[in-house]
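Please look at the sequence and the structure shown below, and then read the short report that follows them.

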Amino acid sequence: MKIAKRSMQTSPQAMRGAALIEAMIAILLFCIGILGLVGLQASMTSAQSAAKYRADAAYLASELLGTMWMNKVNLGVYATTPASPCTDQRCLDWVNKVASGLPQGTATVAVTPGTGVVDLTVKWTAPNEGTRSYVLATTIK
């Protein structure tokens, strides 16, 4: 019994266009990789912006607390809401800093002068992220 050998060689006619298909697949994989890098860059930019806003809010809150520590006697003048701004000029300057430094930035400061309890909230609304807030509670004695 003889086993028939098959030729493993393919004719040039059968190989026609194989290089073109391989090149198209390589280009497709390259494009998918580039799109992945673009998406990664966009998410990194968004995360960096969010981190900057959080850091700015923390800095602004600490700045007002430092001002309040220097003026412990008059803590009540720092109480503010977005509808009812504070009466002290330093506090008004700080509220304007929040409004200009953060996108749609607002601040609320609740002060209990007898106990020195201060509740400070800084809010902002970044594009495509919704409203975020930084809350700080402390006691100034």
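Which residues does Leu102 touch, not counting residues up to four places away in sequence?

With contact meaning heavy atoms within 4.5 Å, Leu102 touches Tyr53, Asp56, Ala57, Leu60, Val122 and Trp124 when residues up to four places away in sequence are not counted. This is a predicted model, in which local features need pLDDT of at least 70 and side-chain atom pairs count only at pLDDT 80 or more, while totals for chains, interfaces and linings use all residues. Residues are numbered from 1 along each chain as its sequence is written, and side-chain values use heavy atoms, with hydrogens and water left out.

Leu102 is also among the residues with the most contacts inside the largest nonpolar core, a group of 24 residues, together with Met68, Trp94, Val109, Leu120 and Val122. Such a core is a set of buried (under 20% relative accessible area, 1.4 Å probe, protein chains only) Ala, Val, Leu, Ile, Met, Phe, Trp, Tyr and Cys residues joined through side-chain atoms within 4.5 Å. The largest share of this core, seven residues, comes from helix 1.

Phe30 lies in helix 1, which spans residues 18–70, where helices are DSSP runs of H or I with at least four residues, numbered from the N terminus. Phe30 counts as exposed (over 50%) because its relative accessibility is 57%.

## Ser133 in strand 3

Ser133 has its place in strand 3, residues 130–139, a strand being a DSSP run of E with at least two residues. The C-alpha atoms of Ser133 and Lys123 are separated by 4.2 Å, although these residues are 10 residues apart along the chain.
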